[in-house]
Amino acid sequence: MRLYSFIILALSLSVMNVYADETISEKATATANDIKRGANETVNRIEEATCTGSEAECIRKRIENRLEETKDSIQDKSSETINKIN
């Protein structure tokens, strides 16, 4: 029973080291990134709602906006993940 408890404790401690806490500045950067992405998304939705071009132009703009939002999200989340690991 002691060996089993020791193994569980060792595994728990090793997992805790892999997922280090973010520093305050890293958390602030993550929050700022979330706010920035939210603002950009809101602006994009307003532009899309007020699109006066042809349907094809509006769809093209919508696709461009979604791609840009996805790219920004992936970049931010990957840097946040790296910060958590380091």
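Biologist: How far apart should the ends of helix α2 be, and what do the end C-alpha atoms show?

Modeller: Helix α2 covers residues 24–49, and at 1.5 Å a residue its 26 residues should span 38 Å. In this predicted model, the end C-alpha atoms are 38 Å apart, which agrees with that expectation.

Biologist: How do I read the buried residues of α2?

Modeller: Start with the general idea: an α-helix has 3.6 residues a turn, so residues three or four places apart point the same way. Here, the buried residues in α2 are E26, A30, N33, R37, N44 and E48. These buried residues pack against α3.

Biologist: And what share of the 86 residues in the protein is buried?

Modeller: Buried residues make up 14% of them. As for the surface, the protein exposes about 7,000 Å², with 63% supplied by carbon and sulfur atoms.

Biologist: I would like to read the salt bridges next. How many does the structure hold?

Modeller: The general idea is that side chains of opposite charge can pair when their charged atoms come close. This structure holds nine salt bridges. One of them joins the side chains of K77 and D34, at 3.8 Å from N to O. K77 lies in helix α3 and D34 in helix α2, so this pair ties together parts that are 43 residues apart in sequence.

Biologist: Are K77 and D34 buried or partly exposed?

Modeller: K77 is partly exposed, with a relative accessible area of 37%. D34 also counts as partly exposed, at 36% relative accessibility.

Biologist: Which residue does R37 meet in a salt bridge?

Modeller: The side chain of R37 meets that of D76, at 2.7 Å from N to O. R37 sits in helix α2 and D76 in helix α3, so the pair ties together parts that are 39 residues apart in sequence. Both R37 and D76 are buried.

Biologist: And which residue is the salt-bridge partner of E69?

Modeller: That partner is R45, with the closest N and O atoms 2.7 Å apart. The pair links distant parts of the chain, E69 in helix α3 and R45 in helix α2, 24 residues apart. E69 counts as buried, at 15% relative accessibility, whereas R45 is partly exposed at 29%. Elsewhere, salt bridges that share partners join D34, R37, D76, K77 and E80 into one network.

Biologist: Now the cysteines. Which two form a disulfide?

Modeller: In general, a disulfide is a covalent bond between the sulfur atoms of two cysteines. The structure holds one disulfide: C51 and C58 form it, their sulfur atoms 1.9 Å apart. With -95 degrees about the S-S bond, the link is left-handed. C51 is partly exposed, with a relative accessible area of 30%, while C58 is buried at 11%.

Biologist: Where is R62, and how far is its C-alpha atom from that of C51?

Modeller: R62 is in helix α3, residues 55–85. R62 counts as partly exposed, at 34% relative accessibility.

Definitions and conventions: Residues numbered from 1 in each chain as written. Predicted model: local features only at pLDDT ≥ 70, side-chain atom pairs only at ≥ 80, totals over all residues. Heavy atoms only, no water. Helix = DSSP H or I, 4+ residues; strand = E, 2+ residues; numbered from the N terminus. Buried < 20%, exposed > 50% of the residue type's maximum accessible area, 1.4 Å probe, protein only. Disulfide = S-S within 2.5 Å. Areas by Shrake-Rupley, 256 points an atom, 1.4 Å probe, with all protein chains shown as cover. Expected span 1.5 Å × (residues − 1). Contact = heavy atoms within 4.5 Å. Salt bridge = Lys/Arg side-chain N within 4 Å of Asp/Glu carboxyl O.
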